Structures are given as C-alpha cells and as structure tokens.
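The stops below are meant to be selected in order.

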Amino acid sequence: GKQWYQRRVRVHCGSRGLGHQVATDALTEMERAMRRDNIVVNDRQLACARINSEEGQNYLKAMAAAANYAWVNRSSMTFLCRQAFAKLFQSTPDDLDMHMIYDVSHNIAKIEQHMVEGRQKTLMMHRKGSTRAFPPNHPLIPVDYQLTGQPVLIGGTMGTCSYVLTGTEKGMSRTFGTTCHGAGRAYSRAKSRRNLDYMTVLDNLKQKGISIRVASPKLVMEEAPESYKNVTDVVDTCHGAGISDKCIKLRPIAVIKG
C-alpha cells in the first residue's frame, strides 16, 4: 500500500537580544530590591522582587514587550514559510493545508490558578528552560486540544529528532503543568565554537541526508548536535515521569539557521 508522509515546519525564535537585555536590566534592579526588602536566595540567577513592587511591575511590562516581539518574529517567519511553499508548488498556503498547529512562548511568567496544599491559589509561574504543559479539559488551552491536552513542542537539534508531547494531569499536580522545552545544552556556546569543526558538522549532517542553510559558520558549531544532550533521553524521562506524554516524533530533512 501507499505510505503517506507529512511535512512539518517548526519555527523556533524568541525575543533575541531584547529579551536578554530585559533580563540583564531586571537583574540589577532586583538585586537592589532584594537588599531593601531583605529577600535572600542561594543563587544570583534567582534574583527576584515582590510582584507588586515597582521593580516587579517594571519587569513584567518589559517581559510582555519582549514576548510580543517574539510572537511577531514567529508570525513573520510563519508567513514567509507559507509564501515560499506556495511559490514553489504554484498553489496557496490554504490549498496546501499549511495551517499553524500551535504557537507557544517559553521562558516567560504567567499568572495561573494551581492547587497548593489542597487549596486553589493564584500564582505567578515563571518557567525558565521549561514550558507549559496543561492537561486535557484545562480552560486555558484551545478548544481543538481540550481532549488531547496542550501540545508541547520539544526541539531537538538540527541533526537529531524533535518531538510533540501533550500535557497530563500528573504534570499539573507534580510540576504545576510544566515540562522540558528542549534537550538542554551539553556544551556552552563558547565551548562548542572551540571544540567543534565547522566542516565536520556539515559533513555529518550531509551523511544523514539533512540540508542546511546558515547565516554564520559559528552558528553551526553552537547548534551542532554534539552541543546538546540526547533529546530522546530527555523526552523519555518526562514521559516516564508522567509529566507529559509522547505524541509525535519528527526527523529533520532541512535546517535554516539565521
């Protein structure tokens, strides 16, 4: 019989340097606020301020601006992808059934309702290096996904697979509806540039049948498969812990790095 293959385009882009600058500025402000309000944390990276303080409100507004910038970045890339496919196949994006499945921000703070010690509370959930993964029937996920749970987009690397997971009830109670958002780096960007060879990475991708277009050679080393942990191991861990369920596995055939 026939085998049908589906193609997916995954866009991964945030607020770039703007988000980094927002965090840098907030870190300085919040360290001053912590001294003023006698807040003690065990790591400078956990610097914080009271939500209703001036520093807290300044951060949330700047974060929202950066998040909006990220949404526009992804929307623009999605539009251009659809236009490129339409031009190549001399059709329209709608006739090609190129509909967006899901778009989500990670590394972001959200005000949510959660159960804490048997009572429902309003919390500000700040997810860093993780993403929201709400279960089926949750009021904050779109109607199309009420039966399945929220789609969780897990990016692998340009030489390995990526995954789509779904949120679970267990994740809601164990991790406030949170799971991983990627493989996680094994090497820093600087170490990747020092240790990996540009042409070797390209040759390895070519042997796997993966095409690549890249704006800068250093991006190839920074995002090389060797720079990251094994995404399948990470996803299997989340699935085994019950905080998200495996749904779809995707294999790359082409990569564009800007």
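This is a predicted model: local features need pLDDT of at least 70, side-chain atom pairs count only at pLDDT 80 or more; totals for chains, interfaces and linings use all residues.

Residues are numbered from 1 along each chain as its sequence is written, and side-chain values use heavy atoms, with hydrogens and water left out.

Select helix α1 (residues 16-37) and helix α2 (residues 54-89), whose axes come within 10 Å and cross at roughly 170°. Helices are DSSP runs of H or I of at least four residues, strands runs of E of at least two, numbered from the N terminus. Axes are lines fitted to C-alpha atoms, for helices over the stretch in contact, with angles from 0 to 180 degrees between N-to-C directions. The two helices are therefore roughly antiparallel (over 145 degrees).

Next, show side chains where they meet (contact: heavy atoms within 4.5 Å): α1 residues including Val-22, Ala-26 and Met-30 face α2 residues including Tyr-59, Ala-62 and Met-63.

Now select Met-30, Ala-47, Tyr-59, Leu-60 and Met-63, which touch the most other members of the 16-residue largest nonpolar core. Such a core is a set of buried Ala, Val, Leu, Ile, Met, Phe, Trp, Tyr and Cys residues joined through side-chain atoms within 4.5 Å; buried means under 20% relative accessible area (1.4 Å probe, protein chains only). α1 gives the most, with 6 residues.

Finally, go to Glu-223, in the loop between α6 (217-222) and α7 (231-241). At 13% relative accessibility, Glu-223 counts as buried.

Terms used. Angles under 35 degrees count as roughly parallel, over 145 as roughly antiparallel, 65 to 115 as roughly perpendicular and the rest as oblique. Buried means under 20% relative accessible area, exposed over 50%, partly exposed in between (1.4 Å probe, protein chains only).
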